[in-house]
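Student: I would like to take a close look at a single part of this model, one residue and its surroundings, before turning to anything else.

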Amino acid sequence: MALFFSYFLVFVAIVLAMPVFIFFIEIVAGLLLPARETTFRSRKDFRQRIAILVPAHNESAGLRPTLENIKAQLRAGDRLLVVADNCSDDTAAVATVAGAETIVRNDPTRLGKGYALDFGIRHLDFDPPAIVIVIDADCSVAEGAIDQLATTCEATHRPVQALNLMTAPDESPIKYHVAEFAWRVKNWVRPSGLNALNLPCQLMGTGMAFPWELIRSVNLAHGSTVEDVRLGLDFAQAGRPPLFCPSAGVMSHFPWSVEGAKSQRKRWEEGHLRMILTAVPPLLYNAIRRGNLGLLALTFDLVVPPLSVLVVLVTGMFFVAGTAAMLGISPTALFVSTACLVALVVAVFLAWIKYGRDVIPSNKIFSIAAYVLAKLPLYRQLLFRKTAPLWIRTDRSDTRVLPAKTAAQPPIE
């Protein structure tokens, strides 16, 4: 029995070592390898005709600034299309007054951002643009980002993903700043590492540019909470994996509302974990069978769970293996889990040095551990409760007005 338990612990430790190894390689590559030039200089004289597609579900409160921000970067012939999807507020009216082309979709039996995107693409099919760029209704777009995305997409004939960041107000609790750092690791450091290795990146939901012939050829009509990741994998299987374009920035802010922040994290992390369990095996098989390096890279990247989940799993395995070793079980699993824990801590620390010191001061760095512990009830809910993948607007309501960062930030030196 002891021998079986020893083998089981070693097996689990090795399984956990895979996402840690991938995470470590991505972080080190993003920090130490020279950046690979993947963007193309926008042309002032000519750019292909584009359409900005904005899916919006009960977003009337903050929609107008987003639309004004986008309109300032459009050229003659471009289109700005808002899909007011299953709204119970005046989103459609706000979009129309702001000067956007607006269509309304009402179908309570099919809920999700993917359905809104599909509805918008089918509407554009009557007068198709050369390139479609998806921007969420609560985002601000950095100056020149629209041209940069369009030019890079036109030159590469591939989906292009902008640098997508989320920020916390300067005076918000430390947990919001830890979440901001974790978001940077996921959407900035790791994609930069993949880019430096000449590999594709995942799509991130907003700031996504697509050649028309590609976006119209895929199935968007589904209710997945991680429709962006799924879409990027579909393109990778077709031989057109997404390209990271960090010079184009898209930014939004974390919700102040406790319930809003909780529901947002729950949807993202539940969707990600579900994809790891259900999608990775067939994707891995297809990537190896076809020799598709882009799909293989994105599948391995998908294996890495949200950072807080990874920290919980690796730390928990370290303590279990350590306890087993003290009880006389083979220490092999302890050696493996110790190496994993060290690699994870080193990677997070290196990422913090360059990308986190401005949001998490050195005297607050141990708040990362408190942030992870505070999320344990969320993971318990994900394990023991079933939730429907509905498109629910994040509650961003708050009575305070605090200064928030705006515009996409340049790399931190």
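Student: Where is the place of Asp78?

Tutor: This is a predicted model, in which local features need pLDDT of at least 70 and side-chain atom pairs count only at pLDDT 80 or more, while totals for chains, interfaces and linings use all residues. Residues are numbered from 1 along each chain as its sequence is written, and side-chain values use heavy atoms, with hydrogens and water left out. Asp78 lies in the loop between helix H2 (60-71) and strand S2 (79-85), where helices (H or I, at least four residues) and strands (E, at least two) are DSSP runs, numbered from the N terminus. With a relative accessible area of 15%, Asp78 is buried; the term means under 20% relative accessible area, against over 50% for exposed and in between for partly exposed, with a 1.4 Å probe and protein chains only. Its side chain has a polar atom 2.7 Å from the backbone nitrogen of Arg75, and a polar atom of the Asp78 side chain also lies 3.2 Å from the backbone nitrogen of Ile50. A polar contact is a pair of N or O atoms within 3.5 Å; within protein, one must be able to donate a hydrogen and the other to accept it, and residues adjacent in sequence count only if both atoms are side-chain atoms. Once neighbours within four places in sequence are left aside, Asp78 is in contact (heavy atoms within 4.5 Å) with Arg47, Gln48, Arg49 and Ile50.
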